[in-house]
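Here is a friendly walk through one model, with the cut-offs spelled out along the way. Keep the viewer open as you read.

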Amino acid sequence: MSDQAVAEYRIEDLAHHSGATVRTIRAYQDRGLLPKPERRGRSNVYRDTHLARLRQIADLLDRGYTLASIKELLEAWDAGRGLGGVLGLVAEVHGPWTDEEAARISRRELDERFGGLPDDAAVDEACELGVLERIPGRPEEFLVPSPQELAVAAELYAAGVPLDAITGHLRELRGQVEHIASRFLEFTTEHVFARYLGPVPPTDADAAEAATLVRRLRPLAQQTVDAELARAMQLFATRHLQKHLGAGGAVAPPGSAAVALPAATVRAVQDLVGAEHVAAFVRAATERELQARTLNDLARRGVRGPAEPEE
């Protein structure tokens, strides 16, 4: 029995199966990215190896690699250094950096979560920021890459923060977080990944080792930011409260007067219960004083408790 026939393609068939255009295939050949086809009479014959190579190129382009970088990787593969490990490393870096799963939301549900009135400008801005993504062919439905981020925006809106203030804050926050991410990558590249970034692509073993390190270090950035954010929030929230209680007066509910406390009083309370418990102590002391005065007033007026039954 003969071996299974090897698939053969004309350039038009190869374009159809790969999704590339005929012009693109010829351009790849001219740049040395694609092996030359077999010449058979007046026709060029392509095989599955050409199809696999086109799919590799498309995958690397989707991941942001330039044609020059792809050529270096493919030359290393052709020279026997191996590309599997490199592609595994690429897949690891381009994989999801969060366990959160995307969700979908209808335009009606979106409007209900943000006041009930349609706001096309706000939706457009949310799409620009990537908080929402439009779904082709479904104008009344959106993809939500981070449901948590959308939930935070809805909670802030329900608390009274205007939408334009929320989006402005997100833009500012995103710039600061991107700076943190950039610094973390620079740090890990210098101290961890520099040995894998030589002038030639890493071997399969080196690439596999680097991919393992990416998996190990991936959660560290978020864990570090979470811990530092919690520390900073406690520090600055306490200072903010002290400022209002000591120098600027206590924050009062709408319609009530703010009562300024002497700085010495605030310091004494802080020494007694700790800076993080100042507000709770002041609130409890106030409630206790009000209850005591109410009881004293009732006692002076001769008000008794529930009437006892007559004998």
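## Helix 1 against helix 3

Helix 1 passes helix 3 in a right-handed crossing. A crossing is right-handed if the near helix is turned clockwise from the far one by less than a right angle, and left-handed if anticlockwise. Helices here are DSSP runs (H or I, at least four residues), as strands are (E, at least two), and both are numbered from the N terminus. This is a predicted model, in which local features need pLDDT of at least 70 and side-chain atom pairs count only at pLDDT 80 or more, while totals for chains, interfaces and linings use all residues. Residues are numbered from 1 along each chain as its sequence is written, and side-chain values use heavy atoms, with hydrogens and water left out.

The axes of helix 1 (residues 11-18) and helix 3 (residues 48-62) come within 10 Å and cross at roughly 40°. That angle makes helix 1 oblique to helix 3. Angles under 35 degrees count as roughly parallel, over 145 as roughly antiparallel, 65 to 115 as roughly perpendicular, and the rest as oblique. The axes are lines fitted to C-alpha atoms, for helices over the stretch in contact, with angles running from 0 to 180 degrees between N-to-C directions. On the helix 1 side, L14, H17 and S18 meet H50, L51, L54 and R55 of helix 3; contact means heavy atoms within 4.5 Å. The residues of this contact divide into three nonpolar, three polar and one charged. In that scheme Ala, Val, Leu, Ile, Met, Phe, Trp, Tyr, Cys and Pro are nonpolar, Asp, Glu, Lys and Arg are charged, and the others, Gly among them, are polar.

## Two nonpolar cores

Which residues have the most contacts inside the largest nonpolar core? They are L14, I25, Y28, L33, L54, I57 and I70, in a core of 17 residues. A nonpolar core is a set of buried Ala, Val, Leu, Ile, Met, Phe, Trp, Tyr and Cys residues joined through side-chain atoms within 4.5 Å. Buried means under 20% relative accessible area, exposed over 50%, and partly exposed in between (1.4 Å probe, protein chains only). Helix 1, helix 2 (22-30), helix 3 and helix 4 (67-78) each supply at least two residues of this core, and the largest share, four residues, comes from helix 3.

Leaving aside neighbours within four places in sequence, L54 is in contact with L14, S18, I25, Y28 and L34. A second, separate core has 16 residues, including I105, A126, L132 and F142.

## Helix 9 and its partners

Helix 7 (residues 120-129) and helix 9 (residues 163-193) have axes that come within 11 Å and cross at roughly 10°. The two are therefore roughly parallel to each other. A122, E125, E128 and L129 of helix 7 make the contact with L163, T167, L170, R171 and R174 of helix 9. By class, this contact has four nonpolar, one polar and four charged residues.

Helix 8 (residues 147-158) packs with helix 9 at an angle of about 135°, with their axes 10 Å apart. Helix 8 and helix 9 are therefore oblique to each other, and their crossing is right-handed. E149, A153, L156 and Y157 of helix 8 meet L163, I166, L170 and R174 of helix 9. Six of these residues are nonpolar, none polar and two charged.

C127 lies in helix 7 and is buried, with a relative accessible area of 18%. Not counting residues up to four places away in sequence, C127 touches L132, R134 and F142. C127 and L143 are 16 residues apart in sequence and 9.7 Å apart in space, C-alpha to C-alpha.

Helix 10 (residues 204-247) holds E209, and R218 is found in helix 10 too. Is E209 buried or partly exposed? At 41% relative accessibility, E209 counts as partly exposed, whereas R218 is buried at 17%. Beyond neighbours within four places in sequence, E209 is in contact with R195 and Y196, while R218 touches E92, V93, P96 and W97. The C-alpha atoms of E209 and L89 are separated by 8.8 Å, although these residues are 120 apart along the chain.

## The chain overall

The secondary structure of the protein chain comes to twelve helices and six strands. Of its 311 residues, 24% count as buried. Among contacts between residues at least 6 apart in sequence, 55% join residues at least 24 apart.
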